[in-house]
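Me: I'm new to this one. Could you walk me through how it's put together?

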Amino acid sequence: MKKANTFIDTVELKRRLSLPLEEKVKWAIEKYLDYLEVYSTEGVYLSFSGGKDSQVLCHIIDELHAGNMCHYLTKEYKFLYDKLVRGKPSPPKVFCDTGLEFPEIRKHVKKFDNVVRLKPKMKWTEVVMDIGFLIGSKKTSRMISDLRHPTENNKASRNLYLTGIKRDGTKTKSFKLAKRWRKLIDADFKVSGKCCDVFKKDPFKEYEKLTGRKPIMATLTEESVQRRVSYLQTGCNSFGVRAKSRPLSIWREEQVWEYSEKNNIRFADVYYEREVEIKENDGTLSKAVVKG
């Protein structure tokens, strides 16, 4: 049972990613219990987006608290389960209603019990006008913003973004601004990667400050380089000032779907084929089947 942040190499991550579903369910439960051993059920919450990944993690946690996952527990984790989970309700599901979610997601979240709904302090139009648009990705937007606001402090970074040449003279493509985005350096509207802070991070930080609870997130390492690097540094659980638990880190997307099929979980309608109306150029309406 780990209570310290650990470093993991890519070989070990690859091994974990290759584990079968049943092993990953057991893994997720154990990481959750390790986290509770430090913060308790009353000291955590599930960051619940209403998406498929957070719904699968929600199902695992709810089933564990309902006593339906005990066959996954080894002797030591059975002890933790009896001490920390047995007879206790699941931690709250915290959903941030930014107003930008698919309507199907917002409707789907209403089906769940024990949901705390958060709201950003700023509206979308205010963020766009006062802070700026998110273009491409947070990293791309940050590059554009730095190039728009040159200072001595970001001189090296600006050179890296334009040339891809690091201070030691080596080249990298990861931090070179793609040509298709460069015209936005002189665009007449604001560009910023901070909108995510306003819509997601700040409401959750305020909730954590108010309640003292620590987050549990349903992120996967395969979703981005940043999440993979973060996992290699801390593993599923990190403790201390920036505590967070990510029990599904080593899952693959296909295993999320496999778990849902085995457990008859229905995700929000946006994840499935559905019929929509499309307005043609001549004003007529036609129907088409699309996938979420």
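**Inside the fold**

Me: Which residues does Tyr-259 touch, leaving out those up to four places away in sequence?
Reply: Keep in mind that this is a predicted model. Leaving out residues up to four places away in sequence, Tyr-259 touches Leu-21, Val-25, Val-56, His-59, Ile-60, Met-69, Trp-251 and Ile-265.

Me: Which element gives the largest share of the largest nonpolar core?
Reply: That core has 52 residues, and Tyr-259 is among those with the most contacts inside it, along with Ile-29, Leu-33, Leu-248 and Trp-251. Elements giving two or more residues to this core include α1, β1, α3 and α12. The largest share, 10 residues, comes from α2.

Me: How many nonpolar residues are in the contact of α2 with α4?
Reply: From α2 come Glu-30, Leu-33, Asp-34, Leu-36 and Glu-37, which meet Tyr-77, Leu-80, Tyr-81 and Leu-84 in α4. No polar residues take part, 3 are charged, and the nonpolar ones number 6.

Me: And Ser-47, is that buried or exposed?
Reply: Ser-47 sits in strand β1 (residues 44-47). Beyond residues up to four places away in sequence, Ser-47 touches Ser-54, Val-94, Phe-204, Ile-216 and Met-217. Its relative accessibility is 18%, and the cut-off is under 20%, so Ser-47 counts as buried.

Notes: Residues are numbered from 1 along each chain as its sequence is written. This is a predicted model: local features need pLDDT of at least 70, side-chain atom pairs count only at pLDDT 80 or more; totals for chains, interfaces and linings use all residues. Side-chain values use heavy atoms; hydrogens and water are left out. Contact means heavy atoms within 4.5 Å. Helices (H or I, at least four residues) and strands (E, at least two) are DSSP runs, numbered from the N terminus. Ala, Val, Leu, Ile, Met, Phe, Trp, Tyr, Cys and Pro count as nonpolar, Asp, Glu, Lys and Arg as charged, and the others, Gly among them, as polar. Buried means under 20% relative accessible area, exposed over 50%, partly exposed in between (1.4 Å probe, protein chains only). A nonpolar core is a set of buried Ala, Val, Leu, Ile, Met, Phe, Trp, Tyr and Cys residues joined through side-chain atoms within 4.5 Å.
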